[in-house]
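Colleague: Before I rely on the labels attached to this model, I would like each one set against its definition. Can we go through them one at a time?

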Amino acid sequence: MTRAIRSREARIARPKLVSRLALGGDGTVSGFVFDPEAPEHRFTIDILLDGLVLKTVHADAFTPECPEPARSNTCGFAVSVDTDLLDAARHLSARLANLETPVGQPIDLENDTTFRADLRPICKLRWLGGLRFQGWIDSEAVVTLEAIVDGESVAQVRATAWTHIGGDADGGVSRNVRAFDFHVPQRLADGRVHQILLRKEDGDRLPAAATFVAFPDGLAGMIDVIGGYAAERLRGELYDRLIPASLPLHDYAAWRERFPMPEPQPCPLRLAVVIAGSSGAQQTLASLETQVHENWTAGAIDGEPLSIDGGALLEFLEDAASDAGHIVVTMAGMSLERTALARIAAAFESHPDALAIYGDLDFLADDGRIWPLAFPAFDYERLLEQGYCAHLFAVRREALLTAIRTARPDNLYRLFNSLLDRIDPRRADILHLPGALATMPRLDRTTAGALLSAASQSHLRARGIDASVARQTGNFFPAVRIKRTISKQQVTVIIPTRDRVSLLQRCLETITPAIERCHADILVVDNDSAHPRTIDFLSDLPRRGIRTLRIEGPFNFARLNNQAAATLDSDILCLLNNDIEASSDDWLEEMLTRLGEPDVGAVGALLTWPGGVVQHGGVVLGMNFSVAHAFTDRLGGDPGFLDQLLVAHECSAVTAACLATRRSDYLAVGGMDEARFAVALNDVDYCLRLREAGKRIVLTPHAKLIHVESASRGRDNRADRRGRFEHELNLLRARWDEFLNDDPAYNPQLSRDGVPYSGLAWPPGRRTPRYNHPPVAHDLPLGF
């Protein structure tokens, strides 16, 4: 016998919340939501206008009004809403996402005119991992703050830099604010959970706090020390990838003692050491006497700094160094580390295919403090414009003799680049040794600039490349600017857009001089624009000689560019966002000159926010096992780490907000991956696939533009987009795996906690010899 049981409707337990909703005069919607019965819960909030969901945001920001100080007061939210939308609406409300539970009291936009106030966040504190914190405070003047950990004052913080904030992530309109970056003492790396907050000099607490935990030498290192938990080491390694730690660059001397270079294995190779120049030669000879590798002979060639007499060099190699198969060449004044020759000999022995070797250097400042000159794996473009690796290098005897006899170099820059006169730079096996080989003397940049300019000109001429070389002003190294002659090619600038016609208008208006100068075309790709003003504007573009292509469907940046490329027969494609503004008329020409090298697959530009803070200076891989734009902690006029924002240099990837590439290369690698990277990271994946095909990626700071990032579609860290971004990031990790954590264009001694070139990795990455060889992707079947 069966018995019918009446079903009962399941009831959803609705939390009893303490909450608030407020609206600022600039359109900032803010508030908090707190569950007294479950204080650890964090909620996702829907913001509604007239009952329709407008935005979604996580309530995980600091607010002093949350009634639970022990939880760091992280239950607040703030989001910016277009004031035009507010003016056209009647009611503003908020609720828990997917529930009807209200958050705060609805706001009557028509009748209540007293509710609006300035509710923009005034400061922000972010834990970067380890003992490092970053943030900002809304102030015109330099501000001194005090960092308090568990009630104890541990650091004085000076907000002296600038950063750009605005949009959904920070609340309010875009603006420049004072930025700070600091580390707390190493004794707090004890594996315990700590709370940190900030207060002003007058003792007033700021609405900024964070919770952190740090381990000495990383979680994996702590697991090794404890012992007995070998099965958990993999978990520790993953944690250290996602939440890496760092130390300040100014603590480099202590960092070197804490993480000394491993002693190299003994090697029988005989080395010859050539010291170029008279001034400082005795200092270099004295450092040779301390070498642990004893099988060497040395000769000093008198002359001006960085200059070299080819005849005298040949005489030394044929007489005193006739039995040396590998030659170390150094400028006079270098003080070699005691293991420098041993490391070079061991590297040649373990890498018999290496043509030449160079390593990192140290620099001794006037105040006696030592600083790291941490270089990338071999970077040909940077060699030409900065000569960064020519001050101390080693080379195989046969290659050096050939270079001397054919090129007749008269300085170290020409001696090094002459090794590549008859070799494809991409195929040259030049080895980089991470970790300092020597301490470098201060350069006379005027003399060095003249020598580098002549050396780069001679080398390009020897390769049959027509180019001009102009001297620039470097701050540490010499600097020149290379402009290769552009062959006649058809160029098309592709600009995807959807409504926001004012952005497109400004973009087209500012890029027109560069377009005309290069005789380029423009293709505007319309993705379902619906606003009448936009449709009218687009319909008028053909009359102005601008092509349009309409593509329907959900926003998929990769698909829009792929379909545009398929309709064109241009030689060069320049992918450009509709929120880009040009500030000069030579940016496109500069990018095209970099494509004058056949092995360059893509070229990126230096992008700044409207206020002048750098938004993109190349992409660095491995930051928190993800990717990050370089130099976002600098103003556009800053020289960057070791003058990198003064010279063109290689990156593993550049942003497609402004990217020039050959259409043939684009099609050869299948364009952008629209199935896996529809919105984010498609440009990074595209550049890595170009590199896999043997191409170089170049960032040129000589092409500068303004980027109002994501003004047209919003940011990827919006609450309703985080899931999609995390999915695409995990796909990037799966496809490129270890390469994503071992960027050849970045030094393994530098920090990986989200801000490239701003700290020392704690502990350092692998410091084994490395080439700048192409990456290899893993097969990534759809659905996994």
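**Labels and cut-offs**

Modeller: Start with helix 12 (residues 501–517) and helix 13 (residues 532–540), whose axes come within 9 Å and cross at roughly 30 degrees. Helices here are DSSP runs of H or I with at least four residues, strands are runs of E with at least two, and both are numbered from the N terminus. This is a predicted model, in which local features need pLDDT of at least 70 and side-chain atom pairs count only at pLDDT 80 or more, while totals for chains, interfaces and linings use all residues. Residues are numbered from 1 along each chain as its sequence is written, and side-chain values use heavy atoms, with hydrogens and water left out.

Colleague: Is helix 12 roughly parallel or roughly antiparallel to helix 13, and why?

Modeller: Axes are lines fitted to C-alpha atoms, for helices over the stretch in contact, with angles from 0 to 180 degrees between N-to-C directions. Under 35 degrees counts as roughly parallel, over 145 as roughly antiparallel, 65 to 115 as roughly perpendicular and the rest as oblique. The crossing is roughly 30 degrees, so helix 12 is roughly parallel to helix 13. From helix 12 the contact (heavy atoms within 4.5 Å) takes in Val-501, Leu-504, Gln-505 and Leu-508, and from helix 13 Arg-533, Thr-534, Phe-537 and Leu-538.

Colleague: How do the residues of that contact divide by class?

Modeller: Five are nonpolar, two polar and one charged. Nonpolar covers Ala, Val, Leu, Ile, Met, Phe, Trp, Tyr, Cys and Pro; charged covers Asp, Glu, Lys and Arg; the others, Gly among them, are polar.

Colleague: What makes helix 2 roughly parallel or roughly antiparallel to helix 3?

Modeller: The axes of helix 2 (residues 218–226) and helix 3 (residues 233–242) come within 6 Å and cross at roughly 150 degrees. That value puts helix 2 roughly antiparallel to helix 3. Gly-218, Leu-219, Ala-220, Ile-223 and Asp-224 of helix 2 meet Arg-233, Gly-236, Glu-237, Tyr-239 and Asp-240 of helix 3. Sorted by class, this contact of helix 2 with helix 3 has four nonpolar, two polar and four charged residues.

Colleague: Why is the protein chain called as compact as a globular protein of its length?

Modeller: The chain has 18 helices and 40 strands. Its radius of gyration is 29 Å, close to the 28 Å that the globule rule gives for 784 residues, so the description holds. The radius is taken over C-alpha atoms, and the rule is 2.2 Å times the number of residues to the power 0.38. The C-alpha trace spans about 100 × 70 × 70 Å along its principal axes. Of contacts between residues at least 6 apart in sequence, 73% join residues at least 24 apart.

Colleague: How many of the residues of helix 17 are buried?

Modeller: In helix 17 (residues 682–692), 10 of the 11 residues are buried, hence "mostly covered". Buried means under 20% relative accessible area, exposed over 50%, and partly exposed in between (1.4 Å probe, protein chains only). Asp-683, Tyr-686 and Arg-689 are among the buried ones. Just after helix 17, Gly-694 has a positive phi of about 95 degrees. Over the whole chain, 58% of the 784 residues count as buried.

Colleague: How do you know whether Thr-330 is buried or exposed?

Modeller: Its relative accessibility is 1%, so Thr-330 counts as buried. Thr-330 lies in strand 20 (residues 326–331). Beyond four places in sequence, its contacts include Val-274, Thr-284, His-391 and Leu-412.

Colleague: And is Asn-417 buried or exposed?

Modeller: Buried, because its relative accessible area is 2%. Asn-417 belongs to helix 10 (residues 412–417). Leaving aside neighbours within four places, Asn-417 touches Leu-383, Ala-455, Ser-456 and His-459.

Colleague: What is the phi of Asp-643?

Modeller: Near 65 degrees, a positive value in a residue other than glycine. Asp-643 sits in the loop between strand 36 (626–629) and strand 37 (649–650), and at 4% relative accessibility Asp-643 counts as buried.

Colleague: Why does Asp-737 count as partly exposed?

Modeller: Because its relative accessibility is 28%. Asp-737 is in helix 18 (residues 722–740) and has a positive phi of about 45 degrees, although not a glycine.

Colleague: Is the peptide bond from Trp-762 to Pro-763 cis or trans?

Modeller: The bond is cis, with omega near 0 degrees. Pro-763 is in the segment after strand 40 (760–762).
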